[in-house]
Amino acid sequence: HLGRSLGPFQAGSPPPPQEGATADLTEAEEVPHQLSFLVVDDNAVNRLILANLLPKLFPGSSVTQAEDGEKAVMAVVERGATSYPFDMVFMDLSMPVMDGYTAAAEIRKLSPARVGQVPILAVTAHATMEDQARCLAVGMNQYLSKPVSKPSLLRAVTAHLRSITEQTPPPALGSSGSAPAVLDQAGTTPNPTEP
């Protein structure tokens, strides 16, 4: 039993962590139900890492795995036909059959909104600003660099869940004129002005 959907979500990037704010990252915040995640990556080891980390961070959660974008879209459609759509999708970018960009764009076309607007987090080694912009342009909500650390994963998931449960979507991309938040391997938002 996976619980109910968290409801519709508008595309956007979660707000970056506030300076000076401290957070206990040893366990997840209270969530309204058992979470259901989809992990999409053509590399079985990468899928396994997230499939093992997520239930540790969010006890009782379930993880479904897909090895390419086409299978990811099919999984979102199949799960969306039930009362329990996925709460979040972790999407690699470079995959055979259908890449992550195309898969995210296809997911965004799905109805109802609770299915098509599932938060999609890009998880990839591609770290250029162009890759990040392309991810966000096709409807992904955030970009995480590989290897993903436990703190960065926890911070990203809880930020999206908090914005959903509070019905306060993160700011629209580009609305403040700043680049979207990107978490590095240490789980921090790097300062692009630092050398």
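Buried means under 20% relative accessible area, exposed means over 50%, and partly exposed falls in between. This is a predicted model.

**Asn-46.** Asn-46 sits in helix H1, residues 44-57. Its relative accessibility is 24%, so Asn-46 counts as partly exposed. Beyond residues up to four places away in sequence, Asn-46 touches Asp-41 and Lys-146. Val-148 is 102 residues from Asn-46 in sequence, yet the two C-alpha atoms are 9.6 Å apart.

**Asp-68.** Asp-68 belongs to the loop between strand E2 (62-66) and H2. Asp-68 is buried and has no salt bridge. The nearest side chain of opposite charge is Lys-71, 4.3 Å away. A polar atom of the Asp-68 side chain lies 3.0 Å from the backbone nitrogen of Glu-70. Neighbours within four places aside, Asp-68 contacts Val-40, Met-95, Pro-96, Val-97 and Met-98.

The distances stated for these two residues are listed here.

| Pair | Distance |
|---|---|
| Asn-46 C-alpha to Val-148 C-alpha | 9.6 Å |
| Asp-68 to Lys-71, side chains | 4.3 Å |
| Asp-68 side-chain polar atom to Glu-70 backbone nitrogen | 3.0 Å |

**Cores.** The largest nonpolar core has 24 residues. Leu-38, Val-40, Val-89, Met-91, Ile-120 and Met-140 touch the most other members. Elements giving this core two or more residues are strand E1 (36-40), helix H2 (69-80), strand E3 (88-91), helix H3 (100-108) and strand E4 (120-124). Another core, of 19 residues, lies apart from it; its members include Leu-50, Val-123, Leu-154 and Ala-156. Leu-38, not counting residues up to four places away in sequence, touches residues including Ala-72, Val-76, Phe-86, Val-89 and Phe-90.

Key. Residues numbered from 1 in each chain as written. Predicted model: local features only at pLDDT ≥ 70, side-chain atom pairs only at ≥ 80, totals over all residues. Heavy atoms only, no water. Core = buried A, V, L, I, M, F, W, Y, C linked by side-chain atoms within 4.5 Å. Buried < 20%, exposed > 50% of the residue type's maximum accessible area, 1.4 Å probe, protein only. Helix = DSSP H or I, 4+ residues; strand = E, 2+ residues; numbered from the N terminus. Contact = heavy atoms within 4.5 Å. Lys, Arg positive; Asp, Glu negative; His and termini not counted. Salt bridge = Lys/Arg side-chain N within 4 Å of Asp/Glu carboxyl O. Polar contact = N/O pair within 3.5 Å; in protein donor to acceptor, adjacent residues only side chain to side chain.
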